[in-house]
Amino acid sequence: MRALNDIYIITRRQLLLLSRVPEVLIFSTIQPVMFVLLFRYVFGGSIDTGQPGGYVQLLMPGIFVQTVAFTLAGTASGLAEDMKKGLIDRFRSLPISQSALVIGRTLGDSLLNIVVLAVMGIAGYVVGWRPSSGIGNIALGFLFLLFFGYALSWVGVLVGLSASDARVVQNVSFIVTFPLTFLSNAFAPTTGMPRALQYFAEWNPVSTMVAACRELFGLENQFGATAGSFPSEHPLVTSLFYMVVIMVIFIPLSLRKYRNYAE
Amino acid sequence: MKTVIAENLVKTYDKGKVRALDGLNLDVEEGTVLSVLGPNGAGKTTVVRILTTLLRADSGNAQVAGIDVVNNPEKVREVIGLSGQYAAVDEILTGYDNLVMFGELYHLGKKQAVVRANELLERFSLTEAAKRPIKTYSGGMRRRLDLAASLIVKPKVLFLDEPTTGLDPRGRQEMWGVIQELVKGGVTLLLTTQYLEEADQLADDIAVIDTGKVIARGTSDALKKQVGGERLEVVVEQQHIAKTMEIVSAVSGHTAGLDEGLRLITAPVSTGSVALFEVLKSLDSAGIHALDVGLKRPSLDDVFLALTGHTAEVKVEEKEVKK
């Protein structure tokens, strides 16, 4: 019970920080909104999808996944900041559950994702995104997105605790996240890519997540699904598998790193 | 009763290449202040981190308030307060928010945490700044808030790791005032510092450490006596410095120290005016005219010099605390 209380207080701290620096929230939403506008109006016109409702139907799930994928960077740089300021030492010298700080951090970042996804959903609606699968499946789609963000947040914990400098964290997170989100089916069909890349894109967790979300939002067409391959036939199961694997690997690693971080 | 005990602590970094602690022994009597004094890199912070459970020693034992640091870190954390080299508070949050949050993390409950936060803000003259984010605080105010955060549950032992490093003289004075108040209240305190004056001002007992070991231990008076009571000072022209250092070292029996800017040569002496006379005689026969000669009561600087062979005047990068 004490541990839960500790986690709750740390999570609340994250929210308090957000309310004190609303810029963080504004910038975490401006960038994806810009992506929406860019792809919808600049590239979207020349991408022929055959999708009723147009490119934006396929685009929005891609943008959602990309947005939650950046949770990795958010968690990592937040922790690196705390470390730099010596805050982690203070927390570790308190009689609190030793994992509360990192668990609270990942939960707080997920709560931020709820707000960001809500803003993104509204932005999508404004530019013509109309999911057609019914409220239950749409909610499930967003739950999937939050879960994915949460899993990546644990990768962020490890990156944040391992880096020597907050600026390095930014770069490392970017290098990890950027190719994953673009070498995928998020924005364009993978069928136009060279064979090797197609293969990567197909099994890329970002792609399976995007495909899963498209399915949950009621879309037929899935960019570059090679007919018959496992991830394209079963994007939901594959994505779920990835998320569980990420958490099974990274939660223990991150917690261990946190306990021993001073060494 | 000994409230803090450290026995034979060894800590190495970089796979044994760097020996931060090399069999360090320490103890703090209940209700007293021990200052761990040493230059940068002597191992001060490492000791504090081990005693506050942040770091595990490679070998050795440590107890805080009778609790084993390695076997029972959770219990230790309940009875200690730590204020580190950096003011470890959340910059974006206000002073009040910080203290309430830490109070809740000490499981005081919201109501009690608020009461305690207000008490501490009042006590450290921060009530006016309570609702401002920490980033608007001066360096001294941050340190005071950090100290306040470490006192939320009236710890049995308080650890202050270089509480005034990086503060301007006024901030330092304020901090000393605050710490002296605490000491009057009877707290058991382990304080590290590289400022000899600070140790002299605040501590009952001083442990001088260098390269991971305690090289001397005692009250400031006892340490001064150990060095030989008095100190000889000679100022000469530039060209006579080398020869004069030789003479002073020979008379003192300790290697003389030199302040190049002042052309001041100093060494501890135990024979007072006799030593002074000998030095004058030797200088005279060497044809050196001293610009100034005198005997001074020893300072802790001399203690340090005599014990370690180098001065404690470490060039610290005094980071300008961001306003």
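Predicted model: local features only at pLDDT ≥ 70, side-chain atom pairs only at ≥ 80, totals over all residues.
**View 1. The side of chain B that touches chain A.** The contact draws 24 residues from chain B and 19 residues from chain A. On the chain B side, the elements that give two or more residues are helix H2 (73-79), strand E6 (80-83) and helix H3 (95-105) of chain B, and among these H3(B) gives the most, with four residues. By residue class, the side of chain B that touches chain A consists of 12 nonpolar, four polar and eight charged residues.

View 2. Leu236(A) is found in helix H12 of chain A, which runs over residues 235-259. With 16 other C-beta atoms within 10 Å, Leu236(A) is classed as partly exposed, because that count falls between the limit of 20 or more for a buried residue and that of 12 or fewer for an exposed one. When residues up to four places away in sequence are not counted, Leu236(A) touches Ala212(A) and Glu215(A). Phe200(A), which is 36 residues apart from Leu236(A) in sequence, lies 18 Å from Leu236(A) in space, taken from C-alpha to C-alpha.

Notes: Residues numbered from 1 in each chain as written. Chains lettered and ligands numbered in written order. Contact = placed C-beta atoms within 7 Å. Nonpolar A, V, L, I, M, F, W, Y, C, P; charged D, E, K, R; others polar.
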